[in-house]
Amino acid sequence: MVVEKNHRPRIPALNTKFIVLILFSFGLLISDQKNNYLSILRNSITIALHPIQATVDFPQRLLSWMDNTFIERNELIKENKALQEERLVNLQALQRFDSLVQENIRLREILNASTKLNDNVQIARIISADINPFRHIIVVDKGTQDNLYNGQTMVDTNGVVGQILQTSFLSSQAILISDTDHALPIEVNRNGLRTIAQGNGSYDHLDIPYIPNNADIRVGDLLVTSGLGGKFPAGYPVALIDKVSRNPSQQFANVSAKPTASLNQIREVILIDNQ
């Protein structure tokens, strides 16, 4: 009896397979380099792998986007805050600039007015005012060291303001013509009619008492200092007549005048040495 032997297929050695694969790979590389046969395959593989790559890269891109967003937001908040602070500083500077411009205008007006006066004058700044609404008393920054004296006349660029009430070494108190305790001799500039202007506690009006009903006085007449009594030099504007009311049953007319000086707005005054 003949025994048949089992014949197993012969498997090439590992080295042989490896060499064959290397040769095959080189062949594909050379063929692809010359004819670009594998470009479609590469593109297809790249397209197929793109969702996977995007999914893997998404957390990193999300974290990067969030970091950039928060950093940009914080930078914008800081920049906005800095701009707001700069804006406030600029607005404050502009307000101060406007104040300096107005002050410069006022000082120029005062200097121009003082050069037109024949009297010896000096300029003083108002440093405080009486808080009592019924007393119109102010304090100026000059005193006896500047040769100020009681009764000295104060004017501004538009007219008479008042007179020095009490002096000290560095400052002085002054009473405005609108104070209820103040009166000054005046005359109508148009015809020389003499009378007095008396304060009534209002910055906007002076009482002109003792004007006869038949006196020649009209709305718009300019009242100036008459120089009588020696307290105020003659010829300085005081007020403009704004009301004349005549009642035949009364002996005197009801007359009031508006001061030419802005008594509640002045900051600097001209002191006239009328001695």
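**View 1. Thr167 and Ser172 face each other where two strands pair.** In strand E5, Ser172 is the bridge partner of Thr167. Strand E4 (residues 160-167) and strand E5 (residues 172-176) run antiparallel and are joined by five bridges. Two strands count as paired here if DSSP finds at least two bridges between them. Helices (H or I, at least four residues) and strands (E, at least two) are DSSP runs, numbered from the N terminus. Please keep in mind that this is a predicted model, in which local features need pLDDT of at least 70 and side-chain atom pairs count only at pLDDT 80 or more, while totals for chains, interfaces and linings use all residues. Residues are numbered from 1 along each chain as its sequence is written, and side-chain values use heavy atoms, with hydrogens and water left out.

**View 2. Six strands close into a barrel.** Follow the order E1-E2-E5-E4-E3-E13 to trace this closed barrel, whose pairing is antiparallel. From one strand to the next, the twist averages 45°. For such angles, axes are lines fitted to C-alpha atoms, for helices over the stretch in contact, and the angles run from 0 to 180 degrees between N-to-C directions.

**View 3. Strand E12 pairs with E8, E9 and E11.** Six bridges connect E12 (residues 252-259) with the antiparallel strand E11 (residues 237-245), and here Ile241 stands opposite Ala257. A hairpin of six residues leads from E11 to E12. Two bridges hold E12 to the antiparallel strand E8 (residues 206-207), where Asp207 sits opposite Ser256. Strand E9 (residues 211-212) also runs antiparallel to E12, with two bridges; Pro212 has Phe252 as its partner.

**View 4. Is Leu206 buried or exposed?** Leu206, in strand E8, is buried, with a relative accessible area of 0%. Buried means under 20% relative accessible area, exposed over 50%, and partly exposed in between (1.4 Å probe, protein chains only). Leaving aside neighbours within four places in sequence, Leu206 is in contact with several residues, among them Ile177, Ala197, Val238 and Val255. Contact means heavy atoms within 4.5 Å.

**View 5. Leu228 sits in a loop.** This loop lies between strand E10 (222-225) and E11. Leu228 is partly exposed, at 45% relative accessible area. Not counting residues up to four places away in sequence, Leu228 touches Pro185 and Arg194. The C-alpha atoms of Leu228 and Arg194 are separated by 9.5 Å, although the two residues are 34 residues apart along the chain.

**View 6. Arg190 belongs to a network of salt bridges.** Side chains of opposite charge can pair when their charged atoms come close. A salt bridge is a side-chain nitrogen of Lys or Arg within 4 Å of a carboxyl oxygen of Asp or Glu. The network links Arg190, Asp216, Arg218 and Asp221. Between Asp216 and Arg190, the closest N and O atoms are 3.1 Å apart. Asp216 lies in the loop between E9 and E10 and Arg190 in the loop between E6 and strand E7 (194-199), so this pair ties together parts that are 26 residues apart in sequence. Between Asp221 and Arg190, the closest N and O atoms are 2.9 Å apart. Asp221 is buried, with a relative accessible area of 7%, whereas Arg190 is partly exposed at 36%.
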